[in-house]
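Keep the sequence and the 3D view open as you read.

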Amino acid sequence: MWEQGLIETERGIFEYFTAGQGDPLAITHLYMAFDERGNLFATPFTDHYKVYLINTRGAGHSVKAENESQLSMKEAIKDLEAIRTALRIEKWAFAGHSTGGMLALQYAIDSSQSLTKLIAGCTAASKEYAGHKNSIYCSENKCFPRIIEIMELLNNPNTVQEDRQKLGYEWALMSYYSEDKLKEAIKRPNSGRTVGENLDYFRKIEVKNFDLRNQLKNVNIPNYIFTGRYDVQCPVEFGIEIADLIPQSQLIIFEESNHNPFIEEEEKFREFVKTTL
């Protein structure tokens, strides 16, 4: 189990969970709430880093948003910087998966002086991913109508827990290369509950103007980009694009993975983590 912490910062109180030993590395996601079970993306990093798994504003026991603009990526980075300062950490690495990867890219652009390295994967540098025919978030994709329906149901407080679990499984299944891997994953300790308000802000407001491509060429810290060959959320082309845009990137493509290579090709992902040291 991960150890819970609450840290008081100039921007409010934030909840986080720690595990592992080594140099500090922060991990979070824009619209997930974590708990003592940790997270399957974060776990491989605990073999080599002291990992801070952070609940962003509005998630878990972290401070609530006073207005919706506080749920933006730029505001999240200000919160992360306040957390880092309160923890008296001079610099830390930052790793993000999916929307957490988008946040990682924004962090490297806005506050690279606070980062030792950037690790981002199964993500994109612009809203263009949602218009790609292979993305389930594209209106032309056959899964798109159901994805929107699932999001709306998860955001509805009247949706009961049993239905939430079924909806979450259905959404997750679309993002796995093998259903067997998903079935294995759900038996393991894991957290990452969707926070409806935060998800709503991202998909209805933030993503509409999201485009970091022109700024990524100025990122000058070590960076490690990963992607799944069959990713249906952020297709592989967008991981390749990120690596092309950031100078001296190291890119790995997981050839038997969809959106979750840290589960789908777990041993290879652990080897990838070693390369970030």
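Let's start with C138, which counts as buried at 3% relative accessibility. This is a predicted model, and a search through the whole of it turns up zero disulfides. A disulfide, after all, is a covalent bond between the sulfur atoms of two cysteines.

So what about C138? A pair would have to have its sulfur atoms within 2.5 Å to count. C143 is likewise in no disulfide, and C143 is buried, with a relative accessible area of 19%.

## One side of a helix

Next, have a look at helix α3, residues 144-154. Which of its residues are buried? I147, I150, M151 and L154 are. They cover an arc of only 100° around the axis, so they end up on the same side of α3. The general idea is simple: an α-helix has 3.6 residues a turn, so residues three or four places apart point the same way.

And what do the buried residues of α3 pack against? Their partners are α4 (161-173) and α6 (196-204).

## Two positive phi angles

R88 isn't a glycine, yet its phi is positive, at about 60°. You'll find R88 in the loop between α1 (73-86) and β6 (92-97), and with 78% relative accessibility it counts as exposed.

S98, another residue other than glycine, has a positive phi near 65°. S98 lies in the loop between β6 and α2 (99-111). Is S98 buried or exposed? It's buried, with a relative accessible area of 7%.

Key:
Residues numbered from 1 in each chain as written. Predicted model: local features only at pLDDT ≥ 70, side-chain atom pairs only at ≥ 80, totals over all residues. Heavy atoms only, no water. Helix = DSSP H or I, 4+ residues; strand = E, 2+ residues; numbered from the N terminus. Buried < 20%, exposed > 50% of the residue type's maximum accessible area, 1.4 Å probe, protein only. Arc of directions from axis to C-beta. Contact = heavy atoms within 4.5 Å.
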